[in-house]
Amino acid sequence: MRIETDIVRRLTTAAALLLLAATTAAAAQLDIQHWETENGARVYFVPAMELPMVDLQVVFDAGSARDGDKPGLARLVSRLLDQGAGDMDADAIAERFEDLGAQFSASSQRDMAAVDLRSLSDPAYLDPALDTLATLLHAPSFADTALERERGRMLVALRAEEQSPGDVAERALFGAVYGDHPYGTQPSGEAAVVSELGRDQVLAFHRQYYVARNAVVAIVGAVDRTQAERIAERVTEGLPEGRAAPAPAAVPSTPDERRVHIDFPSSQTHVLAGQAGLQRDDADYFPLYVGNHILGGAGLVSRISEEIREKRGLAYSAYSYFMPMRARGPYLLGLQTRNEQTPQALEVLNATLERFIAEGPDAKELIAAKKNITGGFPLRIASNRNIVGNLAMIGFYGLPLDWLDTFTDEVNAVTLEKIREAYVRRVDPSTMVTVTVGQSAQ
């Protein structure tokens with residue numbers, strides 16, 4: 001009881017300081033420090049003494065792009081990490097983190113798998129939390145009972161996706177855009193494959209990809225450089241050195257425009273259009289990012305929303321966004337509309353995109369976009385948790401250490417001409433894939 005009361009007191013104090021810490025972090029340049037552990041893991045560290053806490057993220061190049069012919073394997077491995085490790089079962093792991101006032105999570109997407117830990121910086125709490133995390137990373141048990149349980153949960157989630165028109169549309173679009181490329185399958189996998197995944201496949205995947213040279217460690221918190229080095233070594237010392245995963249295959253271009261319709265018993269049709277877009281370190285990143293903010297990324301004040309929602313009332317929301325990844329991630333445009341309005345909504349969406357490519361934005365739109373983006377940017381580094389996520393992103397994608405410091409300058413350097421040139425060069429409506437999921441208009 002005394003330990004729990006002490007944790008609550010410390011967390012309450014930390015919460016009281018959170019607003020001050022966020023303001024301080026956003027106002028100052030981040031002191032990003034970088035090194036490698038003895039076994040080759042890349043480490044990125046920012047000291048943040050305002051809160052008595054440490055945020056840690058370990059990222060592996062172990063997302064669904066590494067599934068091969070077993071879609072869903074990367075996600076199953078990720079979900080099993082805290083279901084048993086060393087001499088602990090799932091309940092013991094959960095109780096240990098709870099007793100320490102620590103928060104743990106694991107996730108897996110297309111490019112990466114990540115584990116997150118938040119702990120008080122007091123060694124009495126931090127050290128056992130780190131030891132537990134290290135055990136989860138290097139010695140997961142992958143017990144048959146846990147594997148069967150998590151596999152069952154994944155199958156339930158896959159059945160739920162089949163009942164969601166948005167999920168159905170996304171799965172169809174990625175498959176049509178990427179084909180046999182590893183990005184073509186969903187991280188959640190395929191039911192026929194997931195149901196057959198066994199311990200041998202899980203172990204082999206973990207041994208290959210959960211290794212030090214395939215890892216990035218991001219640390220933000222109330223520790224100095226020496227302490228941060230000890231944290232990184234402590235978390236990764238049990239991992240084999242291994243080797244970094246090879247770069248993913250290049251994404252082939254979509255040869256021509258395609259439309260795919262999937263009948264679905266719904267009153268609304270989900271529309272999703274897209275094509276391969278940006279790599280994370282793409283030279284056109286900022287012109288396309290700012291341009292898309294004007295076209296469809298700024299919510300209700302974007303062009304797409306103005307044309308589809310405000311002028312015609314065809315949809316509640318309409319949007320576009322780039323999803324930059326290690327290989328070319330997609331450029332997506334989407335909306336939901338009543339079934340009978342689908343042809344008109346699609347016509348307006350395509351016309352708005354084509355006009356933007358042909359003409360670009362105007363000066364007033366560009367000024368407003370820059371103000372909105374740069375004004376909201378401090379929120380992206382307004383907490384230790386936000387900063388640690390950005391550090392992991394910088395490390396994983398090999399971005400410059402000053403990427404966050406120069407973000408505002410890069411946005412302000414974007415011109416009307418740069419946006420027009422980038423859109424003409426990189427977005428081609430004649431190769432756009434469009435997926436509609438809903439009832440065909442009668």
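Which side chain does Glu161 meet in a salt bridge? In this predicted model, the partner is Arg171, and the N to O distance of the pair is 3.0 Å. The close-up views below take up this pair, two further salt bridges, a network and a helix.

**View 1. Glu241 and Arg213 pair through their side chains across two loops.** The salt bridge between Glu241 and Arg213 has an N to O distance of 2.8 Å. Glu241 sits in the loop between helix H9 (225–236) and strand S9 (258–263), and Arg213 sits in the loop between helix H8 (199–209) and strand S8 (215–221), so that the pair ties together parts 28 residues apart in sequence. Glu241 is partly exposed, with a relative accessible area of 40%, and Arg213 is likewise partly exposed, with a value of 32%.

**View 2. Arg338 and Glu340 form a salt bridge.** The closest N and O atoms of Glu340 and Arg338 are 2.8 Å apart. Glu340 has a relative accessibility of 52%, and because exposed means over 50%, Glu340 falls into the exposed class. Arg338, with 43% relative accessibility, counts as partly exposed.

**View 3. Arg79, Arg149, Glu150 and Arg153 belong to one network.** These residues are joined by salt bridges that share partners. Across the whole structure, the search finds 24 salt bridges. In general, side chains of opposite charge can pair when their charged atoms come close.

**View 4. Helix H12 spans residues 342–359 and contains a set of buried residues.** The 18 residues of H12 reach 26 Å from the first C-alpha to the last, close to the 26 Å expected at 1.5 Å a residue. The buried residues of H12 are Thr342, Ala345, Leu346, Val348, Leu349, Asn350, Thr352, Leu353, Phe356 and Ile357. Just after H12 comes Gly360, which takes a positive phi of about 75°.

Definitions and conventions: Residues are numbered from 1 along each chain as its sequence is written. This is a predicted model: local features need pLDDT of at least 70, side-chain atom pairs count only at pLDDT 80 or more; totals for chains, interfaces and linings use all residues. Side-chain values use heavy atoms; hydrogens and water are left out. Helices (H or I, at least four residues) and strands (E, at least two) are DSSP runs, numbered from the N terminus. The expected span of a helix is 1.5 Å times one less than its number of residues. Buried means under 20% relative accessible area, exposed over 50%, partly exposed in between (1.4 Å probe, protein chains only). A salt bridge is a side-chain nitrogen of Lys or Arg within 4 Å of a carboxyl oxygen of Asp or Glu.
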